[in-house]
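Here is a quick tour of one structure, meant for someone meeting it for the first time. Have a look at it, then read on.

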Amino acid sequence: MNSIRRQLLLWLALGLSAGILLAGIALYFQARGEANEIFDYQMRQIAASLPRQAFAPIAPGQDVPGLDDEIMMQIWDSTGTVIYHSHSRSVMPQQAELGFIDVPGPGGMWRVYSAQIGNTVVQVSQPQSARQKVAAQLAVKTVMPLLLLFPFLGALIWAAVSHGLAPVRRAAADVQSRDMHTLTPIADQSLPEEIRPLTHAFNDLLERLRHAMQVQRAFVADAAHELRTPLTALRLQAQLAERAGNDEERRAAFADLKNGLERATHLVHQLLTLARQEPGVQEHAPVEMASLLRSVLLDFAPLAEHKGIDLGITAQAVGSVAGNADALRILFGNLLSNAVQYSPPGSTVDVAMQTGGGKMIVTIRDSGPGIPEKDLMRVFDRFYRADNVQSVLGSGLGLAIVRQITDLHGAAVRLENTAKGLLATVEFRLV
């Protein structure tokens, strides 16, 4: 399981181990540099301490008292003859170059110092391994206290991480203790600043969810209220049909029952349409508006022809909007349905579209009675109907669906009365 505590502890432990390792390496190189300086100084002092007069030949194998076993010294005269070397078991090659030089020798690289004293050349040699050993010992002695502190630092890091994650555990416990009806925001005053963006986003989600649930409850309550009346009427009309004493009464009862079924069917269809327009249900894509409007007009052409209404479109521009084609078809279908339904026979319904200022503007002008000024804004509410509306099939949801679709598309819709009828205007942003 992916754990923040485990990840923090792992990376802190790796970082601390890498830090100690790098510190040890740095200390080693620093100590080796200092050891080189010290041993180089020692080799110069050994060579400088020898007498300045000429050396007499000394038998090989004799050691100079006081010299370390790891330091080898040899002396040769001007003819290149070795007149002394400190160790009989190994002899370093003669180096004519004066000063310090690194050369390969027995057991690895050697540090060699050569100096001329009188007619002789003194060569003092020391293996690099001796210096590296000293540097490693110094580095280990320096790093060892840090290694001994490692368990203490691990416990301290564990406690610090646990303390830092305690507010997260409290917030998680707060969320876990809630049920589906508890949508109050999470208190984040005591949370670390790094966690607050997450709690803010979660609180925003809770707020949107609370609003969505309120809308859903309101929708269910309104739908139940609106469905109660037509269902009650259907039950009464069915009872009247059962009690009919003759064919004429029976036909009249069944005619009322049919009208009631049509109204209930229309109401249920509108409710389902409204439910499908909830946020996040649809995907948006570029929609060519002129083609969409002509398609919707073709659907209403038979109804307009039946009433003798002149239904036409004036497309002064072309353009696309970002939206859902099915939802936009429902939007303009509801507006055209109202325009054709409330326009008297022999009148006109004009649809026009134009672009300007980065917007697509669609207008629908009918020849109906319009809407009372006091109801122009309220007709977009669910189940609200203007006082002058007498339609049998109307449910008060058509314009509510129009408003919801325009809101989901970032568009704007407005209604206004004109001398000839009602003018509906919808503004979209062009793609």
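## Ground rules

Buried means under 20% relative accessible area, exposed means over 50%, and partly exposed is anything in between (1.4 Å probe, protein chains only). This is a predicted model, where local features need pLDDT of at least 70, side-chain atom pairs count only at pLDDT 80 or more, and totals for chains, interfaces and linings use all residues. Residues are numbered from 1 along each chain as its sequence is written, and side-chain values use heavy atoms, with hydrogens and water left out.

## Rings and a charge

Rings of Phe, Tyr and Trp (its six-membered ring) pair if their centres lie within 6.5 Å; planes under 30 degrees apart are stacked, over 60 edge-to-face, and the rest tilted. That gives three aromatic pairs here. One of them is edge-to-face, because the rings of Tyr-28 and Phe-29 have centres 5.4 Å apart and planes at 70°. Phe-29 itself is partly exposed, at 47% relative accessible area.

Another pair is Phe-332 with Phe-428: the centres are 6.2 Å apart and the planes sit at 50°, so this one is tilted. It links distant parts of the chain, with Phe-332 in helix H6 (residues 325-342) and Phe-428 in strand E12 (residues 422-429), 96 residues apart. Helices (H or I, at least four residues) and strands (E, at least two) are DSSP runs, numbered from the N terminus. Both Phe-332 and Phe-428 are buried.

Elsewhere, the charged end of Arg-403 sits over the ring of Phe-380, 4.2 Å from its centre. To count, NZ of Lys or CZ of Arg must be within 6 Å of the ring centre and within 35 degrees of the ring normal.

## A hairpin

Strands pair if DSSP finds at least two bridges between them. Asp-102 stands opposite Arg-111 in E4. Two residues lie between the strands of this hairpin, and Gly-107 takes a positive phi near 85°.

## The five-stranded sheet

There's also an open sheet with mixed pairing, in the order E7-E9-E10-E12-E11. E7 (310-315) and E11 (412-417) stand at the edges with a single partner strand each, so one side of each is left without a neighbour in the sheet. E7 pairs with E9 (residues 348-356) in the parallel sense over six bridges, and Asp-310 stands opposite Thr-348 in E9.
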